[in-house]
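The following account leads the reader through a structure, taking its contacts, core, chain architecture and local backbone features in turn.

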Amino acid sequence: MARELNLRADMRSEIMEINLGPHHPSTHGVFRAVVELDGETVINIVPYLGYLHRGFEKTCENKKYHQIIPLTERCDYMGASSNSLAYCLTVEKMLGVDVPERAQVIRVMMAELSRIFSHLFWLGTHGHDIGAMTPLFYMLREREEIMNLFELTAGGRLMPNYLRIGGVSQDLAEGFIEKLKSFTDHFDARVDEYETLLTKNVIYIDRTRGVGFLSLENAIQLGVSGPMIRASGKAWDIRKSEPYSGYEHYDFDIPVEKGCDVYSRYLVRVDEMRQSNRILKQAIKLLPDGPIRATVPGKIFPIQEDIYTKMESLIHHFMLVVDGCRVPAGDCYQCIESPRGELGCYIVSDGGSSPFRLKWRAPAFVNLQSLAEMCRGCLFADVIAILSSIDIVLAEVDR
Amino acid sequence: MNQDRIREKLTEKFGSDILRFDSSFDGISVGVPPEKVLDVCHYLRDESELKFDFLSFVAGIDHYPVQPRFEVVYQLYSVKNVQRMRLKAKIEDRDGNPPSIQSVVEIWRTADWHERETAEMFGIKFLNHPDPRKLLLPDEWQAHPLRKDFPLEGTEEDTPDLPS
Amino acid sequence: MGIENHLDNTVHVTNLEWFVNWARKSSMWPLGFGLACCALEMIATFVSRYDLSRFGMEVARPSPRHADLMIVSGTASKKMLPAVLRIYEQMADPKWVIAMGACACSGGIYKNYAVIQGIDRHLPVDVYVPGCPPRPEALLDGILQLHARVMKEQSIRNPRLGAIKVAGR
C-alpha cells in the first residue's frame, strides 16, 4: 500500500496527517477523512464515516410499510423520488401488485426529473470545488424550475413524498404537463450553455483529465456502479439491463466514456442529463389516461373519491392507516438506477405490517470505498476533485 | 444462464445436503452453512459460466429469539450474464462464543465496508477482515443497535449524547 | 445612497444600544453549517430567488471564527455533536443560533438511538424554524424574527454570553 517514500536524510521529513472535515466547505456534507501526505502528494486517505448516521434501518423496522416512504426520500435528498421508487417497487413485488400504466409513466417522469435535479447540483458543486463558481449559480436557476414542478405534484419542493405503494398519491395537477413541456423544450439549450463553461475549458481539462483513475476491473471489484462505471468503459445501466416501471418503452442511449478519470465522469453525467430530457419528452407523449393507483382492497390505499363515497373503501382506508398492510413472508431485493448508481432495497418480511429487516443498498456508500484507491499518488488538490466526482450524499452513505 | 442452471451447477459441485434452496420473490436464494461460505463464494466468482463478480451488499439479519440467531446475506450479480442471486448463511449465537464467519474481502473487495457495518450493528465477527474497526457508530459505543433486543431509542448508558 | 441620504447634515439622537443592535443585525454573517437535507434549502435561500444578501447576510463563511450566526440545518447525530459544540465554542461573541428544520428543533422523524433529540439540549437556540425541510420563505421569516429580537436586546447593559449547556442541568 505505501509507496517508496522520498524522505531525505538531511532534512527532517515525515508523513503529515491532515484531518479533512467533518465541517468543511468542499466535502459535500459531514464527511471526515484523514489524509496522509508526503509534501503535497497523497500517500493514503482513510475516510471516517458515521457523522450523519440517523438509524434509518432500525427506524424502518418500527414503522408500517406506507410510513417508510418519507423516510426513504430523506436518504438521498438530491434525487428524492428515485428513493421512494426503489422502495415502492420492492414492496409491490412482494405484494404482487401491478402498477397501472399512467402511474408508471408519472413515476418515470419523477425519476428522470430527480436525475436531472441531482446531476445539476453535482455539476454546480463539482465546478465550485474545482474553482469555477459560475455553474453553481446557473444550475440553481434550473433547480428552482424543477422544484416548482415538484411542488405542483404533491406540495414539497425538495421531497414531495408523491409516490405510494401501488402508484402515486394523487393525479397530476392542472398545468403540470404544460410546465414540464416548456422545461424540456429549453433544457437542451441550457445544457449546451453549461457545456460551454467547462467542457473545453483548458483549466478544467488540466485539473481533471488523468486525475482519479479507476480501471474497470477495480471498479467491479469495489462494487462501483452508475456514472462512475460508465466512465470506466462499461455500458451498464439498470434501466436497460433490468428494466422497471416501463423503461423498456423509452428510447435512450447510455453514455459511456473510456477515460476512467474525473473528466470522463463529468462527460457521462452531462450526457445523462440530455438523455433524461429525451426520456421526459417521450414520457409526455406516452402519458395515457387511467387510474393512478392499483386497486387491491386491503393492501393498497383506495383513491380519495372512493373514500368519500364508498363504505368499504372507507373501512379499508381506516384499517390500512391503523394496522398497515400485511406483506407475505419472504424476502426480496429490487434495485433501480439512481443518479448515483445501483440503489437497492432488500426487505425481509415475516408476514407482519412492518418490515422485519430493511437493508438499503446505497450507491454512494459503496462508491466512496473507491476514494482511497483513486487518490493514491495524486496531489492534495486533486483529492477534492476526485471526491466531488464520486458524487456522494452523506445521508445515503451513513443512512 | 437461468436459475435452474445455477442450481444444477451448485448441486453438482457441493452436493445438495449442504445447500438449501429457499423461495423468494425475486429469483434464486441459496442457504449454505457458515463454514462453507468462502468455498462457495470462490466457486461462484471464478467459475467461467457463473461469473458472479459483483457483490451488491453484505447484510445481517437478527432472528432473535429463534436460533440460529443471525443470518448473513450476500447479494451477488454477474455483470456478464445479467443475473442476480442471493447467498445466505445462518450463524448461531452460543454463550461465550461470539458469532463469527469468514470474511469475503479477499474475493470481492467491496465487502470491506459492508462487513464492518454489519459487524458493528450486529456484533458478528468477520474473521480475517483487514480492518475491523467501527464504521458508522462512535468509537466509544459498545452496543449493537440493529439487534432485536436493543431498544429503538437507545439507552443513556449505551448510546449517550456526549462521550463521558 | 445609503445612510448619507438620511443624515441630512443635521444632528441625530439615538441611544448607543440601538445603534449597536442595528449594526449587528444589519451585517450578521451566517455560518453555513449544513448537515443534511435542510442545507439544500439554506443554499436556495442564499441564492438569487430568495436572496439573503439583501439583509446583509451575503458573506456566508465556512470558518466559525468569522461568523456570527450558526444556522444548524439538518440532523445532528450523536457522533457529530462534539464537532458542533466545538464549532460553536470557536465562534466569537456575540453569537446566535437558529435551529432550522424539524431534526434540529426536536430530532424530527428520527426518534432513535443515533440522533440528538433537538440541539437545544446542548446549544442555546434563539429561533426555531420548523419544517422538513422548511421553505426558504420560512427560513427568511425566522431570520427576520431573529433580527427583530436582536434590535430589542440590551446589548450594552446585559451583554449576551453564549454558553454550552448540558441536557437536564
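Helices (H or I, at least four residues) and strands (E, at least two) are DSSP runs, numbered from the N terminus.

The model is predicted: local features need pLDDT of at least 70, side-chain atom pairs count only at pLDDT 80 or more, and totals for chains, interfaces and linings use all residues. Residues are numbered from 1 along each chain as its sequence is written, while chains are lettered from A and ligands numbered from 1 in the order in which they are written. The model scores ipTM 0.92 and pTM 0.91.

The contact between chains A and B takes 32 residues from chain A and 26 residues from chain B. On the chain A side, β6(A) gives the most, with five residues. That side comprises 11 nonpolar, 11 polar and 10 charged residues.

The largest nonpolar core has 204 residues. Such a core is a set of buried Ala, Val, Leu, Ile, Met, Phe, Trp, Tyr and Cys residues joined through C-beta atoms within 7 Å. A residue is buried if 20 or more other C-beta atoms lie within 10 Å of its own, exposed if 12 or fewer, and partly exposed in between. Helix α4 (residues 101-130) of chain A supplies the largest share of this core, 15 residues. Among the residues with the most contacts inside the core are Y77(A), I386(A) and M70(C). Beyond its neighbours within four places in sequence, Y77(A) is in contact with residues of chain A, including L158(A) and V393(A), and with A36(C), C37(C) and L40(C).

Chain C itself has six helices and four strands, arranged along the sequence as α-α-β-α-β-α-β-α-β-α. Of its 169 residues, 43% count as buried. Among contacts in chain C with a separation of 6 or more, 80% join residues 24 or more positions apart. The mean pLDDT (the predictor's confidence in each residue, from 0 to 100) of chain C is 85, and 93% of its residues reach 70 or more. Within chain C, confidence is lowest in helix α1 (residues 3-7), at a mean of 71, and highest in strand β4 (residues 127-129), at 93.

A cis peptide bond joins C132(C) and P133(C), with omega about -10°; P133(C) lies in the loop between β4 and α6 (136-151) of chain C. Another cis peptide bond joins Y64(B) and P65(B), with omega about 0°, and P65(B) sits in the loop between β3 (54-62) and β4 (70-78) of chain B.

Although not a glycine, S245(A) has a positive phi of about 55°. S245(A) is buried, with 20 other C-beta atoms within 10 Å. K51(B), also not a glycine, has a positive phi of about 50°, but counts as partly exposed, with 16 C-beta neighbours inside 10 Å.

Note on methods: Contact = placed C-beta atoms within 7 Å. Nonpolar A, V, L, I, M, F, W, Y, C, P; charged D, E, K, R; others polar.
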